[in-house]
Amino acid sequence: MLVVSVGGSPSLRSRSGVLLERSRDWLQQRGVEVVTFQVREFPAEDLLHARFDSPQVRHFNELVAQADGLLVATPVYKASFAGALKTLLDLLPERALEHKVVLPIASGGSIAHMLAVDYALKPVLSALKAQETLQGIFADDSQISYADGDRPARLDEALEQRLLGALETFHGAMARRPQPVAPGLLNERLLSARWSI
Ligand SMILES: Cc1cc2nc3c(=O)[nH]c(=O)nc-3n(C[C@H](O)[C@H](O)[C@H](O)COP(=O)(O)O)c2cc1C
């Protein structure tokens, strides 16, 4: 199983990034391969000039094409998801998320904007033809503490439980998803069905 993790925060010290790290560790403990991308690590010019032929963007697209699922994390910015993340999602091909399960993750300063994922990010994932976009996780800043010296980053108990539940659902949905049938195999099956009638 392959998961592509996309961090949408421009900040190096990132609360939504803490949620992504937790998710990555949980998935890796279950034998899932997780490849991580951070929007801030793409060349800004490639994103702002929509360079579809950028080597980094092409590499990202190739891994998304191979993935079973995506973790997409973003801070809430101005009642929506981060614009930097949008510049990357804009460079994915039209049906990039077909056959894939997506778990959206967001952190925000206030629960007033907890629906930003639903009204802003989910329509974009849907436009990219995600097969299944899960309910997702929203955390407010008070629920996540950064790592400090030897002390690892911490989530409050309620958030930790919600994240674990969402990851179980994500893992289960990826395991259950119908596998696309290769065109050659489909042809073979149709031919043998004809002979068996
Ligand atoms: C430019 C900017 C705009 C923000 N706008 C909102 C907002 O509209 N609603 C909200 O709840 N939080 C807002 N926040 C707070 C961030 O969403 C919040 O601190 C988030 O956890 C940051 O995530 P990160 O650490 O992964 O970057 C904003 C922060 C910044 C820097």
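The side chain of Ser-9 comes within 3.0 Å of the backbone nitrogen of Ser-11. This is a predicted model, and Ser-9 belongs to the loop between β1 and α1. Ser-9 is also one of the closest residues to the ligand.

**Ser-9**

- Ser-9 has a relative accessible area of 5%, which is under the 20% limit, so Ser-9 is buried.
- Beyond the four places on either side in sequence, the contacts of Ser-9 are Ser-14, Ser-16, Arg-40, Ala-73 and Pro-75.
- Towards the ligand, a polar side-chain atom of Ser-9 sits 2.6 Å from an oxygen atom.

**The ligand and its shell**

- Ser-107 places a polar side-chain atom 2.7 Å from an oxygen atom of the ligand.
- For Asp-141, an N or O atom of the side chain is 2.5 Å from an oxygen atom of the ligand.
- On its own the ligand would expose 640 Å², and the protein buries 73% of that area.
- At least two residues of the shell come from each of α1 (15-29), β3 and β5 (101-108).
- The biggest contribution to the shell is that of β3, which gives three residues.

**Helix α3**

- Helix α3 (residues 55-66) has twelve residues, and at 1.5 Å a residue it should span 16 Å; the C-alpha atoms at its ends are 17 Å apart, which agrees.
- Which residues of α3 are buried? They are Val-57, Phe-60, Asn-61, Leu-63 and Val-64.
- Viewed down the axis of α3, these buried residues fall within an arc of 165°, so they line one face of the helix.
- An α-helix has 3.6 residues a turn, so residues three or four places apart point the same way.
- The cover over the buried residues of α3 includes β1 (2-7), β2 (33-38), β3 (69-77) and α4 (83-89).
- Pro-55, Ala-65 and Gln-66 are exposed residues on the face of α3 turned away from its buried side.

- Asp-68 is located in the loop between α3 and β3.
- Is Asp-68 buried or exposed? Its relative accessibility is 13%, so Asp-68 counts as buried.
- The side chains of Asp-68 and Arg-177 are joined by a polar contact of 2.5 Å.
- Leaving out neighbours within four places in sequence, Asp-68 touches Met-1, Leu-2, His-99, Lys-100, Val-101, Met-174 and Arg-177.

- Gly-17 is part of helix α1.
- With a relative accessibility of 14%, Gly-17 counts as buried.
- From C-alpha to C-alpha, Gly-17 and Leu-71 are 11 Å apart in space, while 54 residues separate them in sequence.
- Gly-109 falls in the loop between β5 and α5 (116-127).
- Gly-109 has a relative accessible area of 67%, which is over 50%, so Gly-109 is exposed.
- Gly-109 and Ala-127 lie 18 residues apart in sequence and 27 Å apart in space, C-alpha to C-alpha.

- Most residues other than glycine have a negative phi.
- Where does Ala-50 lie? Ala-50 is in the loop between α2 (44-48) and α3.
- The phi of Ala-50 is near 50°, which is positive although the residue is not a glycine.
- Ala-50 is partly exposed, at 37% relative accessibility.
- Ala-79 sits in the loop between β3 and β4 (80-81).
- Ala-79 has a phi near 65°, again a positive value in a residue other than glycine.
- The relative accessible area of Ala-79 is 24%, and Ala-79 is therefore partly exposed.

Conventions: Residues numbered from 1 in each chain as written. Predicted model: local features only at pLDDT ≥ 70, side-chain atom pairs only at ≥ 80, totals over all residues. Heavy atoms only, no water. Helix = DSSP H or I, 4+ residues; strand = E, 2+ residues; numbered from the N terminus. Expected span 1.5 Å × (residues − 1). Buried < 20%, exposed > 50% of the residue type's maximum accessible area, 1.4 Å probe, protein only. Arc of directions from axis to C-beta. Contact = heavy atoms within 4.5 Å. Near = heavy atom within 4 Å. Polar contact = N/O pair within 3.5 Å; in protein donor to acceptor, adjacent residues only side chain to side chain. Areas by Shrake-Rupley, 256 points an atom, 1.4 Å probe, with all protein chains shown as cover.
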